[in-house]
Amino acid sequence: MKAEREIDAELVERVQRGDKQAFGLLVSKYQRKVMRLLTRFIKDAAEIEDVAQEAFIKAYRALPQFRGESAFYTWLYRIVINTAKNHLATASRRPIPLSNFESEESETFFEINGLSDNHTPESVLASREIALAVNEAIEALPEDLRTAIVLREIEGMSYDEIADVMACPIGTVRSRIYRAREAIATRLKPLLDAGKDRGW
Amino acid sequence: MRQVFEKTRPVAAALIGLSCLAWGATGHAETGEQILLKVQQAAKQNDYEGVFTYLQAGRAQSSRIAHAHQAGQHWEKLNVLDGNPQTVYRDGKTVRIAFAEERKLVIEPVSKREHFPSIGLTDLPSLSAHYEVKAENKTERVAERDCQTVNIVPRDQSRYGYRLCIDQDTRLLLRSETLNAQGQAIEQVAFAMLRLGQTLGPDALKPPASLKDWKTQTVRYAPIKLEDEGWSLPSVLGFHRVDEVKRAVGAREQVLQALLSDGLASVSVFVEPYGEQHPTQDGSAARGAVHVVGKRKGDYWLTVLGEAPLSTVQAIADAITPISGHTSSLTR
Amino acid sequence: MTMGNQAERQPSDEALRSWVSALVDGEAPLPEASLRSLGQDGLREKWDTYHLIGDVMRTPDLAVQPSASFQQRLSAQLAAEPALLAAPARRALTPKGKWMSGLAVAAAVACVTWVAAPLLMESGGETGAPGVVAAVATPAVPAAMDVAFTDYLDAHRQLSGAAGGYRMPVSWSDEGSRH
């Protein structure tokens, strides 16, 4: 999405100018995707977090060389793959054919039900609970809020476009999306708080 | 999980689908060239007001522009928003540039060639000979309007390519990017904001009477032929002569200028007597898509400048030769 | 909105959270100054949660949160890293405040530098092959040449019809006005 690239590009530029906070925001944004990517190479949850951390630090150090020629996540994706490969090589594990994972598109072919059996039962439970909570929260939303957030997150429309479709001012679009998010966040809060202690 | 969202998707999808269909109906049958002609027409025929930004060599300059047309006449007013404050007033005959800080007015004749926002289209056959115009099935949003991409692909490396984004509704040119051989944008002009329809009447776009008291400089051209002045310049890499004048350039009173074009891009050749203000060595310079080459030819100094790769500008400079036994009308 | 002094108009929590929500969508600008405000008052948590919601809506498998210790350890290691001082990739800012990516600048010379041709290339002897100018900068570039460049540029613009600034800007401010 264009807006995606722009925000990422701005954050990257800030990091390049010395703002570490901006890197923290990028980490927050992509940590889930990075971890899910790593589950295809690594079974152990704690190990996944170690390698994820290593990959993020590598990305931070390599950022001066990033010139915006690709999307930030595409660039990060390659760093994560390389970090995973090196980790497996040094840990002398059985090599996994990695050619399948070279392209970003392969991420979308992940099983829908599928958390693979790489996860501990506890963390699987945590994921399902969160997914269910989000689903329920959205179903419970008033229609205008639900439409707004679906058009934004699923259809990837800009506020302008949503304002057109919903025939309302942009300010209303912004407010509806914000309220939808807050309603869902409220539903999630107990799960997220509990999850922090549990680990992955 | 998905079925929650499926309920809302069809509505949104239908709405999007409708707008795509509408575009398809108007967009498909036209050739790229036909679209370009419409772009030129649109620039003249629409009333609008907007802000556009010009980007070159890492610098940006924004301007506010308003255009009105009425009974075959047009008026245009442009305010440069960055840097040296100036206002440009254009009507059918003259361009008046008012420099606010110096209270100075420069009056130029309007070129027959182009009207903003447009491309430098001088003639279609030349353009087609040197460029392939491809209308893409792609829309983008520029200045919060839907626009269609048209690629002008050069047939050789002697000229740049262009990527245009053309308003679906009015066919106004909303964005133009100049592309180098690697397909990278080296210059860009784009509207950031555009309002159509008559917001300001023609009177609001005319220069105020007070300008008459300002220090005025008028640019005048006298038509000439290079051969009569003792210079030969054949067509080079598709760039052929479209205009030739004698005129003042800066402080120099008498300079010959020949305008060359390949149908789209333009290059100027300047010939003047060699003087101490000129460099002692031949050389070149660049800014964004513009290259300039200067060289000494006997007692004269040649300057060639335009939106073309350096090798092309150099080739044009190399092709200018004096016709022996001829004396120029240029005074030293 | 919280009622406060006119002199210190603090945005309410609600306004701040709504701003973070718009920021996630790229529909609000990042603050000019540092992003410290995003580290305060649970706004960072909002950034995290709003992203989680979007991720989960699109891909249920992303419904996971890293452990608290992950966040802590990464923050600690990041703090220990030296701050970067890279020259940011060159970009241009549209009036809306959004960066355009991918605008590369070839021959990016913001001010005119006259590059001299090798002396061998003096007039008389051209075969018509396009000349290649060697990148040898002359030490003594007369300042007068820079001004003249603008004059030629203007003259070209006038005759070629690019007066609307669409192909060339009307002028660059630091080059002085025309004669």
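Two strands are taken as paired if DSSP finds at least two bridges between them. Helices (H or I, at least four residues) and strands (E, at least two) are DSSP runs, numbered from the N terminus. The structure is a predicted model, in which local features need pLDDT of at least 70 and side-chain atom pairs count only at pLDDT 80 or more, whereas totals for chains, interfaces and linings use all residues. Residues are numbered from 1 along each chain as its sequence is written, and chains are lettered from A and ligands numbered from 1 in the order in which they are written.

Chain B contains five helices and 21 strands. Of its 332 residues, 45% count as buried (20 or more other C-beta atoms within 10 Å of the residue's own, with C-beta atoms placed from the backbone; exposed residues have 12 or fewer, and partly exposed ones lie in between). Among the contacts in chain B with a separation of 6 or more, 52% involve residues 24 or more positions apart; a contact requires C-beta atoms, placed from the backbone, to lie within 7 Å.

Strand 3 (residues 73–80) of chain B is mostly covered, with six of its eight residues buried. Four bridges pair strand 3 of chain B with strand 4 (residues 86–90) of chain B in the antiparallel sense, and B:N79 stands opposite B:T87 of strand 4.

Further along chain B, seven of the ten residues of strand 16 (residues 252–261) are buried, so this strand is largely enclosed by the rest of the structure. Strand 16 of chain B pairs with strand 15 (residues 240–249) of chain B in the antiparallel sense over eight bridges, with B:V245 opposite B:Q257. The hairpin of strands 15 and 16 of chain B has two residues between the strands, and B:G250 takes a positive phi near 60° there. Strand 16 of chain B is also joined to strand 17 (residues 266–273) of chain B, by six bridges in an antiparallel arrangement, and B:L256 faces B:V271 across this pairing. Four residues separate strands 16 and 17 of chain B in their hairpin, where B:G263 in the turn has a positive phi of about 105°.

Strands 16 and 17 of chain B, together with strand 19 (290–297) and strand 20 (300–306), are included in what covers the buried residues of helix 5 of chain B. Seven of the ten residues of helix 5 (residues 310–319) of chain B are buried, among them B:V313, B:I316 and B:D318.

In chain A, helix 2 (residues 20–38) and helix 3 (residues 45–62) pack at an angle of about 135°, with their axes 10 Å apart. Axes are lines fitted to C-alpha atoms, for helices over the stretch in contact, and angles run from 0 to 180 degrees between N-to-C directions. The two helices of chain A are therefore oblique to each other (angles under 35 degrees count as roughly parallel, over 145 as roughly antiparallel, 65 to 115 as roughly perpendicular and the rest as oblique). Residues of helix 2 of chain A in the contact include A:F23, A:V27 and A:Q31, which meet residues of helix 3 of chain A including A:I48, A:V51 and A:F56.

In chain C, the axes of helix 1 (residues 13–24) and helix 2 (residues 43–58) come within 10 Å and cross at roughly 40°. That angle makes helix 1 of chain C oblique to helix 2 of chain C. Among the residues making the contact are C:L16 and C:R17 of helix 1 of chain C and C:W47 and C:Y50 of helix 2 of chain C.

Technical notes. Two residues are in contact if their C-beta atoms, placed from the backbone, lie within 7 Å.
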